[in-house]
Amino acid sequence: MQFRTILTLIGLLGSLASQAAPVPGQAPGLSAADAVILDMREAFGKGQTQRLTELLPRTRNHVLAPWAAYWELRARLETAEPEEISRFFNRFAGTYQEDRLRNDWLLLLGKNRDWSRLVVEVPSYRMQDDREVRCYVLAMEHSLARVDMAPEVKSLWLAQKNKDEGCALAAQLHFDSRFLSEQDVWQKVRSALELRRNAAARQAFDMVAPQAGVQWTALTAKPEQFLTRTTLSNQRQTQELVVLALIRLAQTEPQRAAELLTGRWQKHLGQNQRDWAWAAIGTQAAQKLSDDALEFFAHNKPSAMQDEHLAWYARAALRQGDWLRVLSAIEAMSSEGAAETTWVYWRARALLTLPGTEAARQQARQLLQSVAGVQGFYELLAQEELGLAIIPPPLPEPLTEAEKTAASDNPGLQRALAAIALGLRSEGVREWNYSANLHTPGGMSDRELLAAAGLACRHEVWDRCINTSERTKSVMDLSQRFPMPHKQAVLARSREIGLDPAYVYGLIRQESRFIVEARSGVGASGLMQVMPATARWTAKKIGLTDFQPHQITERDTNIAIGTGYLKLVLDDFAGSMPMAAAAYNAGPGRPRAWRGQAGAPVMEAAIWAENVPFAETRDYVKKVLANTTIYAAMISGQTQSLKARLGQVGPRDADATGVGTDLP
């Protein structure tokens, strides 16, 4: 582990209990007190309430004692006495653990409809970042005083990704009181189903159509059969069920959904229902990179579409080079949607591309100036579009000793570093983020964020270094945002195999934030997040004949295998950095399909990247290429071009020889 010597992080505690003699069988460098903390975390994960209570007294003087107390009480929160919970709040006042337990307590009070206690506890809740807690508060206000908070309830409810009790309760109460309409609830069902949030969709469906469970099963399991066998009707519930079936069918066969809408159901649906169905079909076709997408979108006006539909309308229009429709889609977005950097950039590009007046060109320049910078993908492209150099900005004024000391003395940051050092990364990251962003209203100031990021950098906790520094608004320290740990190993290996080291750094920053022991939920490991099967395949390809699976988390082995695979992927895609990045994230087969077959258009790689169907991969490609451009500027000290790195993307040349067609 990177920081086994925990005392370097918690020197303020003096005679810390972690100085106790190690117990037999524990890892070298791990104290008895540390071992108890780890035992408690394991017991908490297993729900071993009695074990937690037995171990708690042995953590009294440990820097992570607040975590131990939290685990012990949280495990039995449903049976704990309110007075005991109050004592915890008082004992750990001002800590993340106090606010974390209060969050848990508020959720339990809401679940139990204990409004008298909820109203007392809510004002002390500092984080204020849990939508479900807010929904319980809205439910309470409506239950006690019939307060109409329908707009906020609807906004929170639509934003929830998963089925939840609090926002569903607030929505149900407002629906029962007719502050939310049937149309509002059907919108939730449609949106959730379209985004494949099936549990949330069903929860809302049961609110508005509680007796239609059989129809729900039929339309979600076999939507085409449902659409062809259901008796034609103008009855409201049947209309809505048909829209849901069309959404479901479009997810696999948008063309067939369009045929059934046109030939069988269109005249039996209301205008709003037809508009949504066509937008959903167009969206699914756009995500499949179908040339039919624009035709489907053309069945209704952009003003009748939701932002998610309009985003895919704009992407499909970009792919087809239809700049007028790009502009039309973006201008129809909500003010919040249109303000996203992505759409500010493409709106400006559309204005510059279409024939227009000098006023339109001036508007385009103003839009580009509003987002230009070095903070991200479209910021860099806007910078280039304006003809401005991409170079590192001046560093902020150096931190003073007082600013550094304040960060070092921050109890929350200290506990976070100690937790991460002990291997409790999840707990450490949550406490760090709370301390930097939520402990005080508005979070830390820019200078405080720079000092906190500097503390993380000094302790080589690179993910907190980067993420904390990225929150500054008026100043920017690229050395914090784009650190270069393991520099000698990365540069040597990159040059040895002919890779741009800036590209390697850009990818590692996105993959693992330089956490050597990082492991993803699907099993990818190490700095370059290599999957086990890929590691074995690549090891053979690059001549690591003695490779063993456990070596994948070793720094140099991980870099050797990760860069070796990246080079093979890059060669397979003829040096295209965006396609190679997509392949590294989603597997090589997908970007091969996304580039199109013979006859498909050649387009700017920025347009290609924006049309990547998977949100995760789309975001990944853009961030890796932006990272690469910034690292290149830092390494070379010279201005760089993101556009040059992007290049163009189109079908593979018919006579091109596949370099790595067996790439995993």
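The torsion about the S-S bond of Cys457 and Cys465 is about 40°, so this disulfide is right-handed. A disulfide is here a pair of cysteine sulfur atoms within 2.5 Å, and the sulfur atoms of Cys457 and Cys465 lie 2.0 Å apart. Both Cys457 and Cys465 are buried, where buried means under 20% relative accessible area, exposed over 50%, and partly exposed in between, with a 1.4 Å probe and protein chains only.

The structure is a predicted model, in which local features need pLDDT of at least 70 and side-chain atom pairs count only at pLDDT 80 or more, while totals for chains, interfaces and linings use all residues. Residues are numbered from 1 along each chain as its sequence is written, and side-chain values use heavy atoms, with hydrogens and water left out.

The structure holds two disulfides. Besides the link already described, Cys135 and Cys167 form a disulfide with their sulfur atoms 2.0 Å apart. This link is also right-handed, with 80° about the S-S bond. The pair connects distant parts of the chain, since Cys135 belongs to helix α7 (residues 131–145) and Cys167 to helix α9 (residues 165–176), 32 residues apart. Helices (H or I, at least four residues) and strands (E, at least two) are DSSP runs numbered from the N terminus. Cys135 is buried, with a relative accessible area of 0%, and Cys167 is buried with a relative accessible area of 0%. When the bonded cysteines of the protein are numbered in sequence order, the pairing reads 1-2, 3-4.

Another helix, α21, comprises 13 residues (residues 341–353). The buried residues of α21 include Trp343, Tyr345, Trp346 and Arg349.

The second largest pocket holds about 560 Å³ of space. On a 1 Å grid over the protein atoms alone, a pocket is an open set of points where a 1.4 Å probe fits, with protein on both sides within 12 Å along at least five of seven lines; lining residues have an atom within 4 Å of a point. This pocket is lined by 23 residues, of which Glu511, Tyr584, Asn585, Ala586 and Glu616 lie nearest its centre. The elements giving two or more residues to the lining are α31 (501–511), α34 (577–586) and α37 (615–636).

Note on methods. Expected span 1.5 Å × (residues − 1). Points joined across faces, edges and corners; volume = space filled by probe spheres on them.
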